[in-house]
Amino acid sequence: MLTARLALNSSTPIGGISRDLFGGFVEHLGRHIYTGIFEPTHPLADEDGFRTDVIELVKELGVSTIRYPGGNFVSGFRWEDSVGPIEKRPTRLDLAWHSKEPNRIGLHEFSQWLERVDSDLMLAVNLGTRGTAEALDLLEYANIRSGTEWSDARIRNGRSEPFGVRMWCLGNEMDGPWQIGHRSAEEYGRLAARTAHAMKLIDPDIRLVVCGSSSASMPTFGTWERTVLEHTYDLVDFISCHAYYEEIDGDRASFLASSVNMDHFIETVIATADHVGAAKKSSKRIDISFDEWNIWYNTRFEQVDKIEGISNWPIAPRLLEDVYTVTDAVVFGSLIISLLKHADRVRSASLAQLVNVIAPIMTEPGGPAWRQTTFHPFALASALARGEALPVTIDSPKMTTALHGSVPVLDAVATHDSDSGTAALFLVNRSPDEKIEARIDISSFAELELLEVLTLSDPDPDATNTMNDPDRVRPHRNSAWKRQGCDLTLSLPPISWTCVKFAKSRGE
Ligand code: AHR
């Protein structure tokens, strides 16, 4: 068994945790909308055709702000197609996913659904096939009360109150050659600056996200961020990061260490943004919107799922329906630890995606909805990680990985909410085969009672949840811990993600 020593540090907090860190992402892609959240013929559908079983699971997951409607989809999307009488809405080709989009769900219907799941809307505008003018029309439609062409159209379409959308993405992954209308950093930077300037003339209270690189492995990563921010620094509030991880060619050790890559990615983007700010002599700070992150078996999509040819593009095909294992959920949990470790600068994040499409929630048409393995770390962290993020000093044994070099076997972050008197500690054991005994100095939580330790792990690291066995994998109470005053000793199985819950002692 390995041993690691940890110490929580409440005297130098990382920063306050934004609720937007626990955001989601819903794209018109595959069965996300149709037979995912919307299935009027389903026995559990409500009067508007939304699946109530899915609504309950989304609420349990605890998702704050939801990015919509894409993704790659948005770069060919005409938002006007998706408002007004449903019977008049056109069916369009979706070039991004080689599907057909019937536009039965649009801005109004999606907003109704958001009210039911108690989440806020984050809208992306199309800067692929469209430009500044259409983005302004959509902003006028969404946020202006009345008395103009588009605001009055919204009222005629049944919504008297503005949608009041606060967060807006200036396009999606505009560096990616697969993106409709992708551009050079210089071209995109100018377009994003023009659009941001005009959008803030309409509504100065909106917060804008400019596209960073679509991944840290893009050849232009780094220079893209610098160039785009040189054009937009004074006009935007966030730069986006996107990252997906998968186990490639059975290299489990590298996969388990994916969050080392995420840490580095975040720190590099912060350094680049701060460099641009310094060169501009600006006191303004640009934060990160990590608005796509997850495990995604993209290699399988490219080789198996992709729809080829020009005819018979389906409506709502089964696409990107990855089934997640225990190992996937542990890596996923370690990505949440990485986001929390950077809570001072990652002020918004969107788990990509939510239902059926690389998702924590799966559905069967006419059948049940269930939680994937990845549902659990998200739901626990969203419920428990409140207040401030606290750094944890870690002295851990290392493991060797092909992709990330030598990395600590254990990673951790703590959180503390002084309002409610609750706290939490999140830990990952990345070792594929060794248990770790973590010896933790919890003086920072000396006054708090340890309520419970929950661990996600399994003798079979490839175990999954399926329609027929939906609760095969879930966190279990871990009783392998001992507290003596401010010393906590905790045993973490190989490939495991753990959270420790603390609260004010009942006597106080
Ligand atoms: O989430 C799936 C796709 O991944 C999104 O549409 C795109 O933005 C990214 O490449």
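Leaving aside neighbours within four places in sequence, Trp-293 is in contact with Ala-243, Tyr-244, Met-262, Phe-332, Leu-335, Ile-336, Leu-339, Ala-349, Ser-350, Leu-351, Ala-352 and Phe-378, where contact means heavy atoms within 4.5 Å. The model is predicted, so local features need pLDDT of at least 70 and side-chain atom pairs count only at pLDDT 80 or more, while totals for chains, interfaces and linings use all residues. Residues are numbered from 1 along each chain as its sequence is written, and side-chain values use heavy atoms, with hydrogens and water left out.

Trp-293 also belongs to the largest nonpolar core, a set of 165 residues in which Trp-113, Trp-168, Phe-290, Trp-293 and Phe-426 touch the most other members. Such a core consists of buried Ala, Val, Leu, Ile, Met, Phe, Trp, Tyr and Cys residues joined through side-chain atoms within 4.5 Å; buried means under 20% relative accessible area, with a 1.4 Å probe and protein chains only. Helix H10 (residues 326-341) gives the most to this core, with ten residues.

Next come the cysteines. A disulfide is counted when two cysteine sulfur atoms lie within 2.5 Å, and the count here is zero. Cys-211 forms none because its sulfur is 7.4 Å from the closest cysteine sulfur, in Cys-169. For Cys-241 the closest cysteine sulfur is in Cys-211, 11 Å away, which is too far for a bond. Both residues are buried, Cys-211 with a relative accessible area of 2% and Cys-241 with 0%.

On a 1 Å grid over the protein atoms alone, a pocket is an open set of points with protein on both sides within 12 Å along at least five of seven lines, a cavity is a set where a 1.4 Å probe fits but cannot get out, and lining residues have an atom within 4 Å of a point. The largest pocket holds about 1,100 Å³. Its lining has 44 residues, and Trp-178, Ser-215, Tyr-244, Trp-296 and Asn-298 are the closest to its centre. Strand E10 gives the most to this lining, with four residues.

There are four cavities of 30 Å³ or more. The largest has a volume of about 160 Å³ and is lined by 17 residues, with Pro-69, Phe-77, Trp-79, Ala-124 and Leu-138 nearest its centre. The second largest cavity has a volume of about 80 Å³, and the residues that line it include His-28, Asp-94 and Pro-317.

How values were computed
Grid points are joined across faces, edges and corners, and a volume is the space filled by probe spheres set on the points. Helices (H or I, at least four residues) and strands (E, at least two) are DSSP runs, numbered from the N terminus. Buried means under 20% relative accessible area, exposed over 50%, partly exposed in between (1.4 Å probe, protein chains only).
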